[in-house]
Each structure stands twice: as structure tokens, then as C-alpha cells.
Amino acid sequence: MGRLRGIASRVKRKIAGRKVVGDDFGPSQDMAFARLDANADAAFQLVGASLVGTWEVFLTDLARALSSTMAVEESRPMLDRISDALVPTQGPLQEVGRNYRRSLKHGVQKGLQSGQLSDATEPILTSMVSVPSDLSEGWLKTVDYLEPIFTALDPGGAAEARFRAGGVELSEILSSQNEAYATAMRALSQAEDLDRALTDALDTWRAGVVRGIEVTLYDKRTALVEAANRRKS
């Protein structure tokens, strides 16, 4: 028992002596947020690139599936329409990136005025609140624009049903990642290194969103490619 009490005592002293960021906000913390701004630009570009890249894979695979059943002159307008259909889904992700960086700057101003770290972070979190619903709405506009494609390739409606389910799926992905991000940001005061904590939180959010988008879109790609392949039989 004496040995265990000694270990516990040493652990308590170590914890008590741990230096953490704390609740205060000043010019030294401002520098960490300036670096976050630069990291945010790259993070949101990667999210957008992932969306476009996965859609391009979809287009390539569908073009290959259609090549054995229709002429290029017939398939090209369909592929062009699919390419254009992504625009409503891109919009919310582009907008949240712009809002994030604007809110980051606004938050720093508030934090410097109040001297509180929480005042610097809350505007950032607020800027991300609407993106799950906005992305879901954008995706459903994408699906609506694809209606002629479903009519031509998916008379049974199975692929369209899978596409429409993507709105809820994308919303849930963003909601889950936003919740985890908010938890990490509200725990910044207990971090040992503000720079690292800010970067890790955003990188984790970005990785989760990218992974979710890629999995969701690839599932939809599979649904329509399979529908195109059924035309061969």
C-alpha cells in the first residue's frame, strides 16, 4: 500500500506541475491562430479536392461502362451533365471554408478584447454549424440535376434511391466531425501546446470529412456504374 501511495503521489505532482494553455488569450496566442488560418486554407482546399477527385473517378468509371453500349456522341452529353451536377454540392464546402477563415479573424479580435480563449474559438464553431444541412441540400440539388441520367440508365430506381440517401449520409458525417471538432476546440485550455492542438483538431476534422465524402460518393458511383453495366445484359 505504501508503494502505491508513493506512485499516486508522484502522479499527482506531475499532473499538478503540467503547464497548460489556460483560459487567457493575448498576443502570444494570436500567433497560433494566425498559423491556424494558413493551415485552414490548405485543409479546406484538400476537402474540395477530395470531392472533385472522387467525382472524377465516378465519371471515368461510368464512361468506361457506357463505352460498350452507346456511342461517344450519345454518352458525352450525359457525362457532361454529371460533371456539372456537382456544383451545388461544392458550394457549401467552399462557403464553409470562407466563413471559417472570416470567423477565425473575428474570433481573434474578440479574444484580444476580452482576454478569453473561448471568445476566440466560438465564432469559428458557429461558422460551421449550418454546413451539414447546407451540404445535404446541395447534394439533393445534385441528385435532382441527375434525373435524366437516372431515367436513361436506372429505370428501376435503385441507383437514384441510393443517391438520394446520400443527403442524410453527408449531413451525418459533417455533424459528427463538427461535434468532435467543437469538443477539441473547447478543450484547448487544457492542452500543453496551443499550436499543436489547433492543428491536430482541424487536421482530424479534415481527415474525417474527406474519408466520409470519399466513401459516400464512391458508393453512389458504384450504384450508377452497376446500373450502366446492367444495360449490357
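At 31% relative accessibility, E95 counts as partly exposed, a class lying between buried (under 20% relative accessible area) and exposed (over 50%; 1.4 Å probe, protein chains only). E95 forms a salt bridge with R98, with the closest N and O atoms 2.8 Å apart; a salt bridge is a side-chain nitrogen of Lys or Arg within 4 Å of a carboxyl oxygen of Asp or Glu. Both residues lie in helix α4, three residues apart; helices are DSSP runs (H or I, at least four residues) numbered from the N terminus.

The model is predicted, local features needing pLDDT of at least 70 and side-chain atom pairs pLDDT 80 or more, whereas totals for chains, interfaces and linings use all residues. Residues are numbered from 1 along each chain as its sequence is written, and side-chain values use heavy atoms, without hydrogens and water.

The count of salt bridges comes to 19. One of them pairs R35 with D195, at 2.8 Å between the closest N and O atoms; this pair links helix α2 to helix α9 across 160 residues. E122 likewise forms a salt bridge with R186, at 3.0 Å, and joins helix α5 to helix α8, 64 residues apart.

W139, in helix α6, is buried at 0% relative accessible area. Contacts of W139 (heavy atoms within 4.5 Å) include W55, F163 and L217.

Key. Helix = DSSP H or I, 4+ residues; strand = E, 2+ residues; numbered from the N terminus. Lists of a residue's contacts leave out its neighbours within four places in sequence.
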